[in-house]
Amino acid sequence: MNPGTWHLTDVASMPGTDIAALAQLLDSAARERGEIDPLTPQHGFNLEQAYAIQHASIALRHARGEKPVGVKLGFTSRAKMIQMGVDSLIWGLLTDAMLYEEGGVVSLSDFIHPRVEPELCFLTSRAIDRPLTLLEAAGYLAGVAPAMEIIDSRYRNFKFGLEDVVADNCSSAGVVVGEFCADLSRLNNLGVTMRFNGRPVALGSTGAILGNPLRSVVQASQLASDCGMVLPAGSLIMAGAATAAEAFKPGLHVSVDIGGLGRAEFLTGG
Ligand code: OOG
Ligand code: MG
């Protein structure tokens, strides 16, 4: 392993076949629920290539019939940056296969070593086809819901650097979204409590998400437009976790309460 070389490779020095092969490797790890070693020590790709790998792996999902449903942001709070040792905002792509029914059972057999984290989920009302300002963001949204993201790094022991986690679609594995509320006016300081069987396991505030979670919509609009992507009306935008994530096991009732917005919950099975 030679961390000194991680940022040195440019796009031209990495043939397209490697991007496809690494995307395939990550896709198989997710499907077969087998953890793999981080890829950068051996393959030394940069951030641009990491996103190319991510997009190629999502293209494999689309080819199997999965439908795009939106995007997720990662590392929008200090709590998450500190927990994982990565301090850049990142984003990943969500498909319908990642949607778990709110109030339903989430089976551990779908994952390698899943963790859950409390989030907010936005629903877009119009296509986002350019970078938005904070003042414009609410005008593009139909609502916001209490939500949880299930993350499941395909890397051994959930350990990775920036480029590796981006290639791995930012650890995306599932989302559980509660009921949408149309009032977007007071999102910047709501209490967040995630509980396992009624016992609080993570406490925070929506203000931990970029100071105001609506900024995650601004960031998503910027990132999408940077790569020429339009987010259609009806897209989900997961804002990023307000607290650190918690590992979970079967036999739990997992819930998140977000002050004023309500609750999202699920049960865990074997
Ligand atoms: C990477 C994904 C980060 C968030 O909400 O900050 C993320 C990880 O922690 O494995 O989803
Ligand atoms: Mg997340």
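How many cavities of 30 Å³ or more does the count come to?

What you see is a predicted model, so local features need pLDDT of at least 70 and side-chain atom pairs count only at pLDDT 80 or more, while totals for chains, interfaces and linings use all residues. Residues are numbered from 1 along each chain as its sequence is written, chains are lettered from A and ligands numbered from 1 in the order in which they are written, and side-chain values use heavy atoms, with hydrogens and water left out.

Back to the opening question: the count comes to two cavities of 30 Å³ or more. Here is the rule. On a 1 Å grid over the protein atoms alone, a cavity is a set of points where a 1.4 Å probe fits but cannot get out. A pocket is an open set with protein on both sides within 12 Å along at least five of seven lines, and lining residues have an atom within 4 Å of a point. Grid points are joined across faces, edges and corners, and a volume is the space filled by probe spheres set on the points.

Let's take the largest cavity, with about 110 Å³ of space. It is lined by 18 residues, and Lys-72, Phe-75, Lys-80, Glu-117 and Cys-170 lie nearest its centre. The elements giving two or more residues to this lining are β1, α4 (78–84), β5 and β6; helices here are DSSP runs of H or I with at least four residues, strands are runs of E with at least two, and both are numbered from the N terminus. Strand β1 gives the most, with three residues. By class, the lining has ten nonpolar, three polar and five charged residues. For the classes, Ala, Val, Leu, Ile, Met, Phe, Trp, Tyr, Cys and Pro count as nonpolar, Asp, Glu, Lys and Arg as charged, and the others, Gly among them, as polar.

Now keep some of those names in mind and look at ligand 1. Which residues are closest to ligand 1? Of the 17 that surround it, the closest are Lys-72, Phe-75, Lys-80, Glu-117 and Ser-171; a residue is near a molecule if one of its heavy atoms lies within 4 Å of it. An N or O atom in the side chain of Lys-72 is 2.7 Å from an oxygen atom of ligand 1, where a polar contact is a pair of N or O atoms within 3.5 Å. Glu-119 has a polar side-chain atom 3.0 Å from an oxygen atom of ligand 1, and Glu-149 also has one at 3.0 Å from a ligand 1 oxygen.

Those two glutamates turn up again at the metal. The magnesium ion, ligand 2, is coordinated by Glu-117, Glu-119 and Glu-149 through OE atoms, at 1.9 to 2.1 Å. Donors are N, O and S atoms within 2.8 Å of the metal (3.2 Å for Na, K and Ca), and water is not among the atoms, so sites may look incomplete. Along the chain the donors follow the spacing E-x1-E-x29-E. Glu-119 in strand β5 (residues 115–124) and Glu-149 in strand β6 (residues 141–151) are 30 residues apart, and the pair links distant parts of the chain.

Are these glutamates buried or exposed? Glu-119 has 1% relative accessibility, so it counts as buried, and Glu-149 is buried at 1% as well. Buried means under 20% relative accessible area, exposed over 50%, and partly exposed in between (1.4 Å probe, protein chains only).

A quick stop at the backbone. Cys-170 has a positive phi of about 55 degrees although it is not a glycine. Cys-170 sits in the loop between α6 and β7 and is buried, with a relative accessible area of 3%. Phe-158 has a positive phi too, about 60 degrees, and is not a glycine either. Phe-158 is in the loop between β6 and α6 (162–167) and counts as buried at 4% relative accessibility.

Finally, the open spaces. The largest pocket has a volume of about 250 Å³. Of its 16 lining residues, Ala-30, Arg-33, Arg-61, Asp-110 and Ala-173 are the closest to the centre. Its lining divides into seven nonpolar, one polar and eight charged residues. The second largest pocket holds about 200 Å³, and its lining has eleven nonpolar, five polar and no charged residues. Strand β1 gives the most to that lining, with four residues.

Thanks, everyone!

Methods: A polar contact is a pair of N or O atoms within 3.5 Å; within protein, one must be able to donate a hydrogen and the other to accept it, and residues adjacent in sequence count only if both atoms are side-chain atoms.
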